[in-house]
Amino acid sequence: MDIKLVMQATWKYLLGLIMLAVLLFVPAGTLDYWNAWLLLAILYVPMLIVGAVLLVKNPELLRKRLKARENEVEQKRVIFLSGLMFVAGFAVAGLDYRFQWLVLPGWLATAAAVVFVVGYLLFVEVMRENEYLSRTVEVQEDQTVVDSGLYGVIRHPMYAATILMFMAMPLVLGSFFSFLVFLLYPVITVMRIRNEEEVLEKNLKGYAEYKKRVKYRLIPFVW
């Protein structure tokens, strides 16, 4: 077992968990914020399980998923905007809970949690289908076009899955105002996809032909 990889994965996992908890509970002014505990559970328990499975069965994919440094200038801009959106969205959710700006029904948080889990399962399936699934926009050595499974339906199923997950998050947190902030995510995703496809079409053999076979990027018959 690669001890360095274990340490890197553990550090990033704990750092992400702590940062999210701080962004939620400090603005909320209390630990008695059940929506936040629900989000932490449905996000970090499956993440721990998936990470452990990847560590044993596909450590190289786990290593790629831990890599976060972008080389493309446009992608650096997208990552920066995404970071701002997440910080603002989670902080607003905590403040919304503290000051009770708009109270959403409990069943909506439960329904959103189900949608989040469905999105997560789709994300896991995408990782199973595509061993080149790096977090950064790049063309890897000996990379080939994946065009089966979900990739035979839309060109970017990973982003479709994350849109489901991230749009469900603020509703799991019970915050309509946080949801308004997270509406930026689909826009940011479109920006990322446009640049990513330019990189792939230029550097990945067969991608231009793949675009002709699979016409839709995110939503079948829409875009």
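Predicted model: local features only at pLDDT ≥ 70, side-chain atom pairs only at ≥ 80, totals over all residues.
Local features were considered at pLDDT of at least 70 and side-chain atom pairs only at pLDDT 80 or more, whereas totals for chains, interfaces and linings use all residues. Residues are numbered from 1 along each chain as its sequence is written, and side-chain values use heavy atoms, with hydrogens and water left out.

Helices are DSSP runs of H or I with at least four residues, numbered from the N terminus. Helix α2 (residues 34-57) has 24 residues and spans 34 Å from its first C-alpha to its last, close to the 34 Å expected at 1.5 Å a residue; the expected span is 1.5 Å times one less than the number of residues. Its buried residues (under 20% relative accessible area, with a 1.4 Å probe and protein chains only; exposed is over 50%, partly exposed in between) include Leu39, Ile42, Leu43 and Leu54. The buried residues of α2 pack against α1 (3-28), α3 (59-66), α4 (73-99), α5 and α6, contact being heavy atoms within 4.5 Å.

Beyond its neighbours within four places in sequence, Phe116 is in contact with Ile42, Leu43, Met165, Ala168 and Met169.

Rings of Phe, Tyr and Trp (its six-membered ring) pair if their centres lie within 6.5 Å; planes under 30 degrees apart count as stacked, over 60 as edge-to-face and the rest as tilted. The count comes to 15 aromatic pairs. The rings of Phe86 and Phe166 are edge-to-face, with centres 5.0 Å apart and planes at 80 degrees. Because Phe86 lies in helix α4 and Phe166 in helix α6, the pair ties together parts 80 residues apart in sequence. Both Phe86 and Phe166 are buried. Ring pairs also link Phe86, Phe90, Phe166, Phe182 and Tyr185 into a cluster.

His156, in the loop between α5 (106-129) and α6 (157-172), is buried at 4% relative accessibility. Its side chain forms a polar contact of 2.8 Å with that of Glu197 (N or O atoms within 3.5 Å; within protein, one must be able to donate a hydrogen and the other to accept it, and residues adjacent in sequence count only if both atoms are side-chain atoms). Ser178, in helix α7 (residues 176-182), is buried at 0% relative accessibility. A polar atom of the Ser178 side chain lies 2.8 Å from the backbone oxygen of Gly89.

Key. Helix = DSSP H or I, 4+ residues; strand = E, 2+ residues; numbered from the N terminus.
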